[in-house]
Amino acid sequence: TRYPQGGERQLIYAVTGRKINFSILPADAGVLVNNTDTLIAVFEAVCESKPLVRRILTVTGDAVAHPGNFRVPLGTNYQQLVDAAGGFTEEPEKIISGGPMMGMSLFKLDVPVTKNSSSILAFKEDQVSKEPVTPCINCGRCAVACPTNLMPVMMMKAVLQKDINRFTALYGTECIECGCCSYVCPAKRPLTQGFKEMKRRIKAEMARKAAAEKKAAEEKKVAEEKKGEA
């Protein structure tokens, strides 16, 4: 019952004792993790030949007139969902797509529902932005709270220095982006946001290197074929 126990890696370890890291998939460890909605979608696809065309979303928050759960077709506009929930009681300062810990902020509601959508949260006040960001005091609370046993305080230094090698050496890619470190940080530093950005940069770099290696291999193969013909 302790967050983020519902996370894929934590759930697999708690149930089977098997550990999953950034470089492998649960299937590589002989495990599949599916929620109830996914199982229903599998049943409908296999037994009723129905593709995934609908999704259940929660619309809630203190700025929503009538919070509730809605089963809607994929592609439905978020604004339509908010209207179905009675609209806003007042203009919200913060709108989040997803959960309060791992969700992404929205600048507008002109966004379609996708298969990965889960909820819309609308708050009258943006409490996070009102807290001033202060220098790190090296208290270690982020390290204690991290469910993956990482060192967020050191990882953030690598992020600020844009040091990908250092971030990787600190196992920063193992971050599950749960938001626990940011939540407990007394300095209110945007730790999780920084880690997300660094991980995206690393993935982009890995994709670039893979494409370059593939191109080099193809060029080498073509050169060898021409040499053989000659």
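Reader: What radius of gyration does the chain have, next to a compact globule of 230 residues?
Author: In this predicted model, the chain has a radius of gyration of 22 Å, whereas a compact globule of 230 residues would come out near 17 Å. Along its principal axes, the C-alpha trace spans about 75 × 55 × 40 Å.

Reader: And how much of the chain counts as buried?
Author: Of the 230 residues, 29% count as buried, and the chain exposes about 15300 Å², of which carbon and sulfur atoms supply 55%.

Reader: OK, what about the secondary structure of the chain?
Author: There are nine helices and five strands, and reading along the sequence gives the pattern α-α-β-β-α-β-β-β-α-α-α-α-α-α.

Reader: Switching topic, how many aromatic pairs does the structure hold?
Author: The structure holds one aromatic pair. Its members are Phe-167 and Phe-195, whose ring centres lie 6.1 Å apart with the planes at 45 degrees, so the pair is tilted.

Reader: Which helices do Phe-167 and Phe-195 lie in?
Author: Phe-167 belongs to helix H7 (residues 164-169) and Phe-195 to helix H9 (residues 191-229), so the pair ties together parts that are 28 residues apart in sequence.

Reader: Are Phe-167 and Phe-195 buried or exposed?
Author: Both Phe-167 and Phe-195 are buried.

Reader: Last one, how far apart are the mean positions of the positive and negative charges?
Author: For the 32 positive and 25 negative charges of the chain, the mean positions are 5 Å apart.

Methods: Residues numbered from 1 in each chain as written. Predicted model: local features only at pLDDT ≥ 70, side-chain atom pairs only at ≥ 80, totals over all residues. Heavy atoms only, no water. Helix = DSSP H or I, 4+ residues; strand = E, 2+ residues; numbered from the N terminus. Rg over C-alpha atoms; globule rule 2.2 N^0.38 Å. Buried < 20%, exposed > 50% of the residue type's maximum accessible area, 1.4 Å probe, protein only. Areas by Shrake-Rupley, 256 points an atom, 1.4 Å probe, with all protein chains shown as cover. Lys, Arg positive; Asp, Glu negative; His and termini not counted. Charge placed at Lys NZ, Arg CZ, Asp CG, Glu CD. Phe/Tyr/Trp six-rings, centres within 6.5 Å; stacked < 30°, edge-to-face > 60°.
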